[in-house]
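Have the sequence and the coordinates open.

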Amino acid sequence: MLRGSCLCGSVRYAVPDAFLYAFNCHCGNCRRATGAACKPFAGMERRKLDLLQGRDETLIYGDGKAHDVRCRRCGSLLYSVVRDGEFVHIALGTLLDAPGMLPSAHIFVGSKAPWHAITDDLPQYPELPPD
């Protein structure tokens, strides 16, 4: 199991090291949600996420089938619920342990920040990668 936490430690979670995909997302929504050039995330089925502490300290932005979950005390973006509420995208920066899967590509580079240069050799897709 991988452990994760917000900045202040009020919210803690655990997920198995069994991510299905991982990307660096450059879309405007992810940039605004993180305040960074991109959001490194890894995705898995929502049912595999275990909130260990601080459920009452979470702040949900969005609706039941698509929303971001943050710590209401420190504001850390912990994960996003996506794909009709069935999956979560764990913000990799909140993991306390190293995951076995790292981002495999940059997505939504068609809308990336104009001031940001991608300098690694990962594939880049204007939107989502082909199936």
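**Cysteines and the largest pocket**

C30 is buried, with a relative accessible area of 14%. Keep in mind that the model is predicted.

Q: Is C30 counted as buried or exposed, and by what cut-off?
A: Buried means under 20% relative accessible area. C30 has 14%, so C30 is buried.

Q: And C74, with its 28%?
A: Over 50% would be exposed, and under 20% buried. At 28%, C74 is partly exposed.

Q: How many disulfides does the structure hold?
A: A disulfide needs two cysteine sulfur atoms within 2.5 Å. The structure holds zero.

Q: What is the volume of the largest pocket, and which residues lie nearest its centre?
A: Its volume is about 540 Å³. The lining has 21 residues, and C25, C30, F41, V82 and H89 lie nearest the centre. So C30 returns here, the buried cysteine from above.

Q: Which elements give two or more residues to that lining?
A: They are β3 (21-25), α1 (28-34), β4 (39-45) and β8 (77-82). α1 gives the most, with four residues.

Q: What classes of residue make up the lining of the largest pocket?
A: Sort them by class. The lining has 13 nonpolar, three polar and five charged residues.

Note on methods:
Residues are numbered from 1 along each chain as its sequence is written. This is a predicted model: local features need pLDDT of at least 70, side-chain atom pairs count only at pLDDT 80 or more; totals for chains, interfaces and linings use all residues. Side-chain values use heavy atoms; hydrogens and water are left out. Buried means under 20% relative accessible area, exposed over 50%, partly exposed in between (1.4 Å probe, protein chains only). On a 1 Å grid over the protein atoms alone, a cavity is a set of points where a 1.4 Å probe fits but cannot get out, and a pocket is an open set with protein on both sides within 12 Å along at least five of seven lines; lining residues have an atom within 4 Å of a point. Grid points are joined across faces, edges and corners, and a volume is the space filled by probe spheres set on the points. Ala, Val, Leu, Ile, Met, Phe, Trp, Tyr, Cys and Pro count as nonpolar, Asp, Glu, Lys and Arg as charged, and the others, Gly among them, as polar.
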